[in-house]
2 protein chains.
Amino acid sequence: MNAFMDIQVHAQMLADQERMQSYRDALHEVVQKDDVVVDFGTGTGVLAAFACQAGAARVYAIERLPIVEVARATVAASGFADRVVFYEQDFATVDLPQRADVLVSETLGSFGVGETSFGTLVDCRERMLRQSGRMIPHRVRLFAAPVSAPEFYDLLSFAATQRFGLDLAAAKELALNQHQGTHITTTQCLSPAIPLCAINLATVDRSTADRLDIQVDFPLEKEGTVHGIAGWFEADLTPSVTLSNAPTRRPSSWQHSFFPLLQPVALIGGEHLTLRLRMDCLDTDHFIWRWDSRIARVEHGIRVMVAHFQQDSFRGRIISRNPLRSTAPAYAPRSTPDGEVTRFLLEHVDGTQTEEDLIALWHRQHPPTTAPDQRSRLQRLIRRALVLGDIA
Amino acid sequence: MNAFMDIQVHAQMLADQERMQSYRDALHEVVQKDDVVVDFGTGTGVLAAFACQAGAARVYAIERLPIVEVARATVAASGFADRVVFYEQDFATVDLPQRADVLVSETLGSFGVGETSFGTLVDCRERMLRQSGRMIPHRVRLFAAPVSAPEFYDLLSFAATQRFGLDLAAAKELALNQHQGTHITTTQCLSPAIPLCAINLATVDRSTADRLDIQVDFPLEKEGTVHGIAGWFEADLTPSVTLSNAPTRRPSSWQHSFFPLLQPVALIGGEHLTLRLRMDCLDTDHFIWRWDSRIARVEHGIRVMVAHFQQDSFRGRIISRNPLRSTAPAYAPRSTPDGEVTRFLLEHVDGTQTEEDLIALWHRQHPPTTAPDQRSRLQRLIRRALVLGDIA
């Protein structure tokens, strides 16, 4: 289940007063009377409603998930039903009747990029926003710092299982090759935070927005044990409104991103951690993260390497063997019994036959004695094809 | 995404020492040397490994999710690869070569039933366990108490949004018709906990296991405000090992279930809360919960009704309009562009043509000028058909 199908997740975001106030302030600053606004990923519809409060004449609200029904109700109850048009579909298939003056979205993840790729926002900008239209946020900056997080690291490395005689090395390998969400405090940071990059969403092109390749050097100033690197964002909604989940600020509805090291490293002082961080977008909401971490110190004038780890989120994916074999280039798939039924459906749906017609037709073609449970299989596959969008 | 695709969820369960120790103790108590064991929903494989440690000659481990790869690796690294057979499929399609002496599962939700219905466990028992075979857990008891939980209630009722001029009544209606996971403390309980029922998994039949209909009366002994009813479980793994997430015990990896009232009710003392709680299983992991709550007090010898709420989880589902219209009996679906591609695939996969062959064939039939992005669409739909099992 997508997390945004859970109303509790929306409740937590809406309870974040700074998040709400910042977006409201930004929309009041940017939206002018009778503007056209696009709200990408409207969710519960609060940004669309804020845009109307700020004077927008028309808001196009895009949301592919069923939460859009909450947005419809919220916008209507707030008195803006006649100004907001909803697109309950993937943004890629949306074709607006006019270009917008303002594009707003709150799809920020714990490390800036997250719910959607920045390239997706660039796509929206290019297809939906007029020249010199305004974008909220218009710039996102990423920050990181090495951190000490022994309890969370013990959790990810399955330390608690050791007393039971189990070997969870495989699970540990997966967990330590994912960046995980957790809350970091400033006292856990072993060096000052370093800005990694700034992405100017108002001007960047898609291919640039969908890749990161950054190398930074953190002087490790405190003694302690480093367990990973924490990341967070600052989003400039407008020139005067900034929203951030930095650990120096009040706790927010966002967690922080934690990139664990393969092993904890005890520091004696004077070390540096050099991080090379890469991110590539597979598609709108799938990313590959790679983080190479080198820890070194200078002893008697000589630079000594203490640790070097190369990690990536591809190794952190839980993948079963079954679908893997079919990714080989020479693999030639064949149809299954479910596939035969789906093929039958797609051959016979034509906007005139109901579910019962289709089931009756199947039974005429396939004697029921050989396939006793075909009715429920047909019903299930019709539902599935509707949900998947193969039929409508 | 299913929550059990997230390695952090497994890490939290495995870090719960009482959960781990209880299941290990139970398996050591129940499994005899050379026993055959079924582990339903093996997850990371720890119960299968415990069964081997306890002397099992053969463990059949069933898990439909890709986490089964972690189980394979964990069982192998722990030295039990030759004794555990994995079924990476839905339990309903599993056909074991022999009946088992012991059926073990840890699919307990925050209110006992949760990850899977009790009826599913009964199905497993009837199809996989020999007569007089042993079941872990063999009995589950449910408990409840009215609670005061103002902060969590404010979250669910979107109290924080009120200062922004928004009307989130629709979202509130959804949120208050779901039972939500949260952590309750004993000080939040407004009456002693009352046992609701005991489900004897070793003897109950499926239709009984898949329904609850319970009425109980809670005397509200404390002053305060009641926001909902909290629920939790006690599971008897064996006659001597009990596992529970009761608030009186140490915090566990389970949350508690919170059934909110439609409105908070301020108590002056002497009230009773009468709860009728019903649960029906739609299928293995979908449930409809209904909770009717009546709060009354006696004034001058007369019973006065203070509040009466009827809530159910069907009203708590976020459902978009699009799929709904297609559930009308007279609805006649038609194919979409994705459906056309899927139909083409299902007509042409025959175990000899690779993905590239299929794409080349599509392009021969469909001039590329009219459909520039067909390659990625074909690749996506081939992947999807493989994942869905339409092709193999």
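How much space lies in the second largest pocket?

Guide: About 170 Å³ of space lies in the second largest pocket. This is a predicted model, in which local features need pLDDT of at least 70 and side-chain atom pairs count only at pLDDT 80 or more, whereas totals for chains, interfaces and linings use all residues. Residues are numbered from 1 along each chain as its sequence is written, chains are lettered from A and ligands numbered from 1 in the order in which they are written, and side-chain values use heavy atoms, with hydrogens and water left out.

A pocket, on a 1 Å grid over the protein atoms alone, is an open set of points where a 1.4 Å probe fits, with protein on both sides within 12 Å along at least five of seven lines; lining residues have an atom within 4 Å of a point. Grid points are joined across faces, edges and corners, and the volume is the space filled by probe spheres set on the points.

The lining of this second largest pocket consists of B:R99, B:R125, B:E126, B:L129, B:R130, B:Q131, B:S132, B:G133 and B:A202. By class, two of these residues are nonpolar, three polar and four charged. Here Ala, Val, Leu, Ile, Met, Phe, Trp, Tyr, Cys and Pro count as nonpolar, Asp, Glu, Lys and Arg as charged, and the others, Gly among them, as polar.

Two elements of chain B, helix 5 (118-128) and strand 5 (129-136), each supply at least two lining residues. Strand 5 of chain B gives the most, with five residues. Helices (H or I, at least four residues) and strands (E, at least two) are DSSP runs, numbered from the N terminus.

Beyond strand 5 of chain B, the loop between strand 5 and strand 6 (139-147) holds B:P137. A cis peptide bond joins B:I136 and B:P137, with omega about -5°. In general, most peptide bonds are trans. In chain A, the bond from A:I136 to A:P137 is also cis, with omega near -5°, and A:P137 lies in the loop between strand 5 (129-136) and strand 6 (139-147) of that chain.

Finally, chain B meets chain A through 82 residues of chain B and 83 of chain A, where contact means heavy atoms within 4.5 Å. One residue of chain A that touches chain B is A:G181, which contacts B:Q8 as well as A:F152, A:Q255 and A:H256, not counting residues up to four places away in sequence. A:G181 itself is in strand 7 (residues 180-182) of chain A.
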